[in-house]
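Here are a few friendly notes to read alongside the model. Have a look at the coordinates first, and then we can go through the points together.

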Amino acid sequence: MESRSRGGIKRLSAALLLAGSLAGCAASGGNPADPLEKVNRAVFAFNDGADKVVFTPVARGYRAVLPGFFRTGVSNFFSNLEDVWVSVNDLLQGKFQQGLEDFTRVIFNSTFGIAGLFDFASGAGLPKHTEDFGQTLGSWGFESGPYVVIPFIGPSTVRDGFGLLFDYKADLVYWATDSVAVRNSLYATRAISNRANLLDASSLLEQAALDRYSFVRDAWLQRRRNLVYDGNPPRERDESDDEPTK
Amino acid sequence: MKIANCLLLALLPLLAQAQAVAPDVLVKTITDEVTTTLKKDKDIQAGDTKKAGALIEAKIVPHFNFVRMARIAVGRNWRSATPEQQKELTSEFKTLLVRTYSSALVNYRDQQIDYKPLRAKPEDNEVTVKSDVTQSGSSQPVSIDYEMEKTDNGWKIYDVKVGGVSLVTTYRDTFASEVREHGIDGLIKSLAAKNREPLGSKAGRS
């Protein structure tokens, strides 16, 4: 889907890699990007259950108990750590100016922003960007491959799943401490903070979707495509949209 | 009678002017009006989705082409639907969107909206109006793009993309598989059922 006309060999090797996982999977639903729909639906249901029973209540509690400025501080703190990897990905994608800006964000926020608790840089005209290794692979010409729902993590694709392995290893929290207990509590805090930030979005999803599985899938695939193309994806032709209405 | 005619004549140029409003100006005007109301309205802030729905009906709905939205969402099955079915699909889809966004509006908090310069030629009949929205307390702006078309009644919005996610095409696969399994009437039925679900309080029914 996300072909940028670069790196023919890379694309070929990606295609080969993905062909294996595609082979033999009959498309059960409607979306050709989702040949593993049956398995994905099962994992989605599992994630959904875990979310309802564990993560949403914890996130609600977190939001109810802690004041807004505190939650923003926590969110900013992790976002600042993440910006280091964001700027590396900028550079890997050849976006040198954005890389410089994102690295400047880290410097500003780590100092003036007191270890990242305040997002000083955004106020100074350096907005945050979303970059990860999956997007970098996409910008190098790797197709996204089939849609995959990963247990506990959620929507992804084969390409972005590979990307996550790199993101995980490049995560500063991973390197921050030798203590497994401290690291795990950092992971948990970040997960709760992220989930709390999404509470409004998930109640909107509840209202918007007829079938949450396919709604999440299609929204997620569009979102990733948009990110890979940095907000300017080429127009997709709408087959049904070629006659005028009044 | 005479006076009424005179008034009408006097108003005509104004109407013509209203039709000529540039698409980006139109989006900005609507957004400003709605956000100004939201900032003042304590009921909506407290979660009154019914009132939020009424606001959407009055200020936002007239500027959308719901027929085209429904047609895009339904995809190729649209052609096999009867005019009656198309009408029902449009009205149910509209209700679904209005209900969804009335529940979103009650979560509205102060936001900063930056419009990007419109890249369009004067003769263009389709344009994209792009904006970035920054929620207070959050550092990352979310893009909101409006796909618009020129009609005899001024510019109309036929798709909204939030962070690159279309509010319309995201329904496509769901709708297609619903039609595959239960036909077009099945899709209309499940939309209607979805729209009957309680929404805290009933909202946006027209």
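1. Which residues are exposed on the other side of H2(B)? In this predicted model, they are B:Asp32, B:Thr36 and B:Lys40.

2. Now for the buried residues of that helix. They are B:Pro23, B:Asp24 and B:Val27. Because they cover an arc of only 95° around the axis, they sit on the same side of H2(B). The buried residues of H2(B) pack against S1, S2, S3 and strand S4 (154-162) of chain B.

3. The helix itself is worth a glance. H2 of chain B spans residues 23-40, 18 residues in total, and its first and last C-alpha atoms are 26 Å apart, close to the 26 Å expected at 1.5 Å a residue.

4. On to the strands. In chain B, S1 (residues 111-115) and S2 (residues 126-135) run antiparallel and are joined by five bridges; B:Gln111 has B:Gln135 in S2(B) as its bridge partner. S2(B) is also joined to S3 (residues 142-151) of chain B, again antiparallel, by eight bridges. There, B:Val133 stands opposite B:Val142 in S3(B).

5. Finally, the contact between the chains. Chain A contributes 32 residues and chain B contributes 32 residues. On the side of chain A that touches chain B, the elements giving two or more residues are helices H3 (68-92), H10 (199-208) and H11 (212-228) of chain A. H11(A) gives the most, with eight residues. By class, this side of chain A has seven nonpolar, 15 polar and 10 charged residues.

Conventions. Residues are numbered from 1 along each chain as its sequence is written. Chains are lettered from A and ligands numbered from 1 in the order in which they are written. This is a predicted model: local features need pLDDT of at least 70, side-chain atom pairs count only at pLDDT 80 or more; totals for chains, interfaces and linings use all residues. Two residues are in contact if their C-beta atoms, placed from the backbone, lie within 7 Å. Helices (H or I, at least four residues) and strands (E, at least two) are DSSP runs, numbered from the N terminus. Ala, Val, Leu, Ile, Met, Phe, Trp, Tyr, Cys and Pro count as nonpolar, Asp, Glu, Lys and Arg as charged, and the others, Gly among them, as polar. Two strands pair if DSSP finds at least two bridges between them. The expected span of a helix is 1.5 Å times one less than its number of residues. A residue is buried if 20 or more other C-beta atoms lie within 10 Å of its own, exposed if 12 or fewer, and partly exposed in between; C-beta atoms are placed from the backbone. The arc is that of the directions from the helix axis to the C-beta atoms.
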